[in-house]
Each structure stands twice: as C-alpha cells, then as structure tokens.
Amino acid sequence: MYMRGAARLGVAIGLLGVTGACGDPLGPAANLTLLVSATPGVVVLGDTVELTGVAYNGASATIDAGVSCAPGIRFTVTNSVGSATDLYDGLAFICPRLDSQDLEPGETDVVEWRWVPNAVGEYTVRSTVMVKDGPTVRSRGRLVRVLAQP
C-alpha cells in the first residue's frame, strides 16, 4: 500500500510512541529514535522511490546533526553485497542552517527525499543521523527491490 506524505508522517509518529533507543553511554543520542519509509518497496529500474526519514529526540538536550550543509537526516542505501552509499555524497548544498540539523528536546523532524536506483537488485535503505561529537545513529532498514521490468 502506497501512503502519501501526511499518512506516512502519521504512521511514523505513531511508531515513535512505541519505539525507542536505550542506553546511557551514547549521551543524548541514546534517546534518538530514527525511522525510515521507502515507497514503493518494489520498483522497475528508472522508477522513483519516495524516502521519508523521521527523527525523534527523546533527550533533554539538543542534538546537533549539522555535520555538513546537507539535511540532518541522511539516507544510506546498502546493496546486496554490503556496499553502502550515502545519497547526499557528491551533492552541493547551500549552507544555511536547516531545522533538521538541530534536533531539539522532544522534537520530531522529518526529511523527504527521492531516490532513483541505477541498478537492478535488492537494497536496504536506512535513515541516518551523524551526531556532532557523538555516534552515528541509524534506523532499521527497509528493503527495496528493483526489477528490470514489471
């Protein structure tokens, strides 16, 4: 089933209520929850996959995800042999500070991105936040299958 923006956001925010990261050693990043959606999950080569990354900061401190000019919620795609690609690599971004680069306490940020796979295969898509002076946090993966023809 294909969901549009508001419906995907509603599902993602609902899931945030029942998911969370645990542990203290990561500091505020321990309370950062990431989700990703990739729709549709099966495409023909050349079709567009709509990606939505959701980050919820359950900590009492602001998390700085502004390690570059790109949006704070990134997308990585891993192919079936384990080679990962950051979809922002090589792209030029203008550098005003973006809302998704500062994850305020209790805040939910959403970034949408379009990805056009360039090869047939199975891919795992994740949303990622590279916490400044902290760990890189990744969502669970979503599988996308790319077919040569329908």
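The points that follow concern a predicted model and take up a cysteine pair, a strand residue and an asparagine in turn.

1. The disulfide count for this model comes to one, and the pair in question is Cys69 and Cys95, whose sulfur atoms lie 1.3 Å apart. This pair joins distant parts of the chain, 26 residues apart, with Cys69 placed in the loop between strand E4 (63–64) and strand E5 (74–78) and Cys95 in the loop between strand E6 (84–86) and strand E7 (102–103). The assignment is made because the separation of 1.3 Å falls within the 2.5 Å cut-off for a pair of cysteine sulfur atoms.

2. As for the accessibility of the two cysteines, Cys69 counts as partly exposed, with a relative accessibility of 21%, whereas Cys95, at a relative accessible area of 53%, is exposed.

3. Leu147 belongs to strand E11, which covers residues 142–147, and with a relative accessible area of 27% Leu147 is partly exposed. Leaving aside residues up to four places away in sequence, Leu147 touches Val42, Val43, Val44, Leu45 and Val120. Between Leu147 and Gly46 the C-alpha to C-alpha distance is 9.5 Å, although the two are 101 residues apart in sequence.

4. Is Asn57, at 0% relative accessibility, buried or exposed? Asn57, which sits in strand E3 (residues 49–57), counts as buried because its relative accessibility is 0%, and the side chain of Asn57 reaches the backbone oxygen of Ala61 at 2.9 Å.

Conventions: Residues numbered from 1 in each chain as written. Predicted model: local features only at pLDDT ≥ 70, side-chain atom pairs only at ≥ 80, totals over all residues. Heavy atoms only, no water. Helix = DSSP H or I, 4+ residues; strand = E, 2+ residues; numbered from the N terminus. Buried < 20%, exposed > 50% of the residue type's maximum accessible area, 1.4 Å probe, protein only. Contact = heavy atoms within 4.5 Å. Polar contact = N/O pair within 3.5 Å; in protein donor to acceptor, adjacent residues only side chain to side chain.
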